[in-house]
Amino acid sequence: MARDITVYAIAGDRGTILAIAKEHKIPIPFDCQDGDCGSCVVEVEHLYAPTKYSKYGIALTEEEKETLKQLGKITKEEIYEAEVNDMPPRHRLACQCFVRNEDIMVRFAGDETLPAQAPHVTPAAKIFKGGIKLKTVDEFLGYAVKIEDDAATHFYELAEGMKACGNDEVAKLFYQLAGFSRLHLKEARERASALDADVVVPPDYVWPDQATPERTSLMAADASLSRLDALKAAILGERRGYEFYVAIGATSDNPDVTALAKEFAREETEHLKILEASITREEWLLAHPEVPAFD
């Protein structure tokens, strides 16, 4: 990158370099996220490691080792050290390298001028002229309040249901998502503090299927849901919320509504990136059960 950026991983976080980079908008190139394509190769320098044995040991997977060999990014000596002494090589795949309790410098090559990519949205979302069209800021904020209130209530009810079924891991995740929605709700209410909520907040019947965009799919109520399945169910609702704000911003005739809609869409983008990074981490852990989890 053109400049160094310092980021910190939360203690106990099991994320990869790629997951943390996504969370902090650091544009490490990537594609498959399975260790096969090699597009996310990075150089990792361990700071404050006077000898090679000062570094944390690693378990280099066969997929990562083979990909690095094909790229010419790992030497025979590094392969020996990784296989015999569990010592990390200089180059790693960001999607395979877990962050540990140590200071590291990560370098990578890429298009430094490439702007951050927004979540995918179908072309129809920007030109669709039917459905909901908001004309005033008051009306827009009323809809935003309804969306976030419904999302917070929905995730809390899912969390309570999972807790009652004994699925504490997924219940904890849904409680966290409910908390995120409440923060968004608080912001929307503060912006709409001067509005008469009974008049502005839309009823359920104005929405397609009588459900606001950020509600998850029915699968989210399955008591046997895994953490990964819950994340995938949650991201569906976040994408719909993002597409709703994109569509409003692209079709409104009021420039103030357009500006607010774009702002809310950017905030939804942050939520999407967090969920995408969490999904990447869960998929990696499931694909590599031999790697111990460091909590």
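A salt bridge is taken here as a side-chain nitrogen of Lys or Arg within 4 Å of a carboxyl oxygen of Asp or Glu. The model is a predicted one, and by this rule the count comes to 8 salt bridges.

Select R107 and E45 to begin, where the two side chains meet in a salt bridge with an N to O distance of 2.9 Å. This pair links distant parts of the chain, since R107 sits in strand β3 (residues 104-107) and E45 in strand β1 (residues 41-46), 62 residues apart. If you colour by accessibility, R107 counts as partly exposed at 39% relative accessibility, and E45 counts as partly exposed at 33%.

Next, select K232 and E283, whose side chains form a salt bridge at 3.5 Å, N to O. Here too the pair links distant parts of the chain, with K232 in helix α8 (residues 227-251) and E283 in helix α9 (residues 255-287), 51 residues apart. K232 is partly exposed at 36% relative accessibility, and E283 is partly exposed with a relative accessible area of 37%.

R239 counts as partly exposed at 34% relative accessibility, while E276 is partly exposed with a relative accessible area of 26%.

Finally, select E62, K65 and E83 together, which are linked in a network of salt bridges.

Notes: Residues are numbered from 1 along each chain as its sequence is written. This is a predicted model: local features need pLDDT of at least 70, side-chain atom pairs count only at pLDDT 80 or more; totals for chains, interfaces and linings use all residues. Side-chain values use heavy atoms; hydrogens and water are left out. Helices (H or I, at least four residues) and strands (E, at least two) are DSSP runs, numbered from the N terminus. Buried means under 20% relative accessible area, exposed over 50%, partly exposed in between (1.4 Å probe, protein chains only).
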